[in-house]
2 protein chains.
Amino acid sequence: MNVTISSTSEKPIYQQLYEQISAQILKGELESGYCLPPIRQAALELHVSVITVKKAWEELERSGLIHTVTGKGCFVAEFTPDEMLRIRNEMILKQMVTDTSYYKSFGLTLDEVVELLKQIY
Amino acid sequence: MNVTISSTSEKPIYQQLYEQISAQILKGELESGYCLPPIRQAALELHVSVITVKKAWEELERSGLIHTVTGKGCFVAEFTPDEMLRIRNEMILKQMVTDTSYYKSFGLTLDEVVELLKQIY
DNA sequence: AAATTGTGTATTCCGTGTATACACAATGTA
DNA sequence: TACATTGTGTATACACGGAATACACAATTT
C-alpha cells in the first residue's frame with residue numbers, strides 16, 4: 001500500500017486515501033485478500049489521526065472494495081476481472097456525470113469536449 | 001440574470017452563483033454592459049446573505065468577466081467573440097485537468113474516457 | 001441633502017475535518 | 001487463562017470555511 005497525502009489539496013485527507021486505494025485495488029495493484037495495514041499503524045506512518053484512516057477504510061468497505069474482520073484486519077475483496085472493470089467504470093461514470101454537467105453549463109458539445117480532452121490527456 | 005441555488009449541493013452558494021453567471025456571460029446570454037442586480041437586491045431575491053453575493057461578484061471581477069463601479073453597479077465586461085471563446089476554453093480546460101487526473105489515477109486511456117463520455121453526454 | 005449602490009469590518013453561528021484519549025469487542029498467541 | 005493485537009465506539013476539543021446579521025463608510029445619482 002502506497003499513498004501520498006497532500007495537505008495543500010482541497011480534498012479532505014480521508015477522501016484522498018479512499019481515492020488512491022480504491023484506484024490501486026481496481027488497477028489490480030492490490031491483490032484480492034491483501035491485508036491493509038492496521039489503522040493505528042497507517043495513522044502513525046501517514047501522520048494523521050486514527051479516525052481519518054478509519055473514515056477512508058469505511059468508504060472502501062461501503063464501496064465493497066474491502067471487507068473488515070474485527071480483531072484481524074481489513075482485506076481486499078475478491079473480484080473477477082469483469083467485476084473489477086464494471087466497478088471501475090461505475091465509479092468513473094458517476095464522477096463523469098458531475099464533470100460533464102459543468103461542461104454542459106457552458107454550452108459545450110460532445111465534440112468540443114473530446115477536442116479539448118485530446119489537448120491535455 | 002437567472003440563477004438557481006441548490007442547498008443540497010456540496011458546492012458553496014457563492015460558487016454556484018459564480019459558475020452559473022460566468023457560464024451565462026460566456027454563452028452570450030448576458031450581453032456586454034448588462035448591469036447585474038444590486039447585491040442587496042440579489043441577496044433578498046435569492047434569500048442569501050449580502051456577503052455571499054459579494055463573494056460571487058468578486059470572483060467574477062477577478063476573472064475579468066464583470067467590472068464594478070462603486071455607487072453605480074456591476075456590469076458585464078466587453079468581449080470580442082474570440083476573447084469569449086478563449087476565456088471559456090481556459091476555464092473549461094482548467095477544470096478538465098483536475099477531472100482527468102482522477103480518470104488517469106484509475107489507469108484509463110484517452111480512448112476509454114472518450115468512449116465513456118459518448119455514453120452519457 | 002437624500003437615496004442608491006458598492007465597500008469594509010466586526011461578531012456570531014454551524015458544520016466538517018481532524019486530532020487526542022479512553023473504553024470495549026473480537027481475534028490470535030504464549 | 002492472560003496478554004497482545006486489531007477493529008469499534010464515544011467523548012472532547014480545535015481550526016477553518018461558509019454563511020448570516022448589523023453597522024459604518026465611500027462614490028454616484030437625483
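Modeller: Here is a quick tour of the fold, the DNA side and the chain contact. Keep in mind that this is a predicted model.

Colleague: Start with the fold. How many helices and strands does chain A have?

Modeller: Chain A has five helices and three strands.

Colleague: And what pattern do they follow along the sequence?

Modeller: Chain A reads α-β-α-α-β-β-α-α.

Colleague: What does the C-alpha trace of chain A span along its principal axes?

Modeller: About 55 × 35 × 20 Å. Of its 121 residues, 21% count as buried.

Colleague: How does the surface near DNA strand D split by class?

Modeller: It has 11 nonpolar, eight polar and three charged residues.

Colleague: Switching topic. How many residues does the contact take from chain A and from chain B?

Modeller: 27 residues from chain A and 27 residues from chain B. On the chain A side, α1 (13-26), α4 (81-105) and α5 (110-120) each supply at least two.

Colleague: Which of them supplies the largest share?

Modeller: α4(A), with 12 residues.

Colleague: And the classes on the side of chain A that touches chain B: how many nonpolar, polar and charged?

Modeller: That side divides into 17 nonpolar, five polar and five charged residues.

Methods:
Residues are numbered from 1 along each chain as its sequence is written. Chains are lettered from A and ligands numbered from 1 in the order in which they are written. This is a predicted model: local features need pLDDT of at least 70, side-chain atom pairs count only at pLDDT 80 or more; totals for chains, interfaces and linings use all residues. Helices (H or I, at least four residues) and strands (E, at least two) are DSSP runs, numbered from the N terminus. A residue is buried if 20 or more other C-beta atoms lie within 10 Å of its own, exposed if 12 or fewer, and partly exposed in between; C-beta atoms are placed from the backbone. Ala, Val, Leu, Ile, Met, Phe, Trp, Tyr, Cys and Pro count as nonpolar, Asp, Glu, Lys and Arg as charged, and the others, Gly among them, as polar. Two residues are in contact if their C-beta atoms, placed from the backbone, lie within 7 Å.
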